[in-house]
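Thanks for asking me to look this one over. Here are my notes, point by point, to read alongside the structure.

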Amino acid sequence: MKRLRFAMIGAGRMGARWASVMSEYDKASLNIIVDAGSGQAAVLAAKIPQCTATKDIGEVLNNKEIDAVIITTPHKYLSPITLSMLQS
């Protein structure tokens with residue numbers, strides 16, 4: 001079975017928790033972390049092999065290698081981000 005490749009949008013407290021949880025699974029990898037500007041995405045990505053950080057959500061939308069997306073943003077951003085993921 002192939003390893004599932006995940007992207008995560010949001011790198012705050014919940015993002016840090018999810019990054020930690022994802023590192024425990026052999027059949028999944030966290031490959032991209034997106035955060036609008038706190039710099040926390042780079043901090044988290046530096047701790048995860050083969051993970052990159054970006055401020056550009058388009059890098060997730062246009063990446064055909066990503067199998068699933070974890071959204072860990074504040075609630076007010078969940079709907080628009082989810083819609084953009086579903087439409088891509």
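1. Is Q50 buried or exposed? Q50 counts as exposed, because its relative accessibility is 70% and the cut-off for that class is over 50%. Please keep in mind, here and below, that this is a predicted model. Q50 sits in the loop that links α2 and β3. One detail of its backbone deserves a look: the phi of Q50 is positive, at about 60°, although Q50 is not a glycine.

2. Now to the sheet. Four strands form an open sheet in the order β3-β2-β1-β4, with parallel pairing. At the edges stand β3 (52-54) and β4 (68-71); each has a single partner strand, so one side of each is left without a neighbour in the sheet. On average, neighbouring strands are turned by 30° against each other, if direction is ignored.

3. The pairing can be followed residue by residue around β2. Six bridges hold β1 and β2 together in the parallel sense, and I9 has V34 as its bridge partner in β2. Towards β3, the parallel pairing with β2 is made by three bridges. There, I32 is partnered by T52, and V34 by T54. You will find β2 mostly covered, with seven of its seven residues buried.

4. How are the strands connected? A right-handed β-α-β unit is made by β1, α1 and β2. Another right-handed β-α-β unit consists of β2, α2 and β3. As for helix α4 (residues 75-87), it lies across β1 and β4 and runs at about 175° to β4.

5. The largest nonpolar core comes next. This core has 14 residues, and those touching the most other members are F6, M8, M22, L30, I33, I48 and C51. Two or more residues are contributed by each of β1 (4-9), α1 (13-22), β2 (28-34) and α2 (40-45). A second, separate core has eight residues, among them I32, V34, I66 and M85. As general context, nonpolar side chains in soluble globular proteins tend to be buried together.

6. Which residues does M8 contact, leaving aside its neighbours within four places in sequence? The list is G15, W18, A19, L30, I32, I33, V34, L44, I70 and T72.

Technical notes
Residues numbered from 1 in each chain as written. Predicted model: local features only at pLDDT ≥ 70, side-chain atom pairs only at ≥ 80, totals over all residues. Heavy atoms only, no water. Core = buried A, V, L, I, M, F, W, Y, C linked by side-chain atoms within 4.5 Å. Buried < 20%, exposed > 50% of the residue type's maximum accessible area, 1.4 Å probe, protein only. Contact = heavy atoms within 4.5 Å. Pairing = 2+ DSSP bridges. Axes fitted to C-alpha atoms, helices over the stretch in contact; angles between N-to-C directions. Right-handed = clockwise from strand over helix to strand, strands pointing away.
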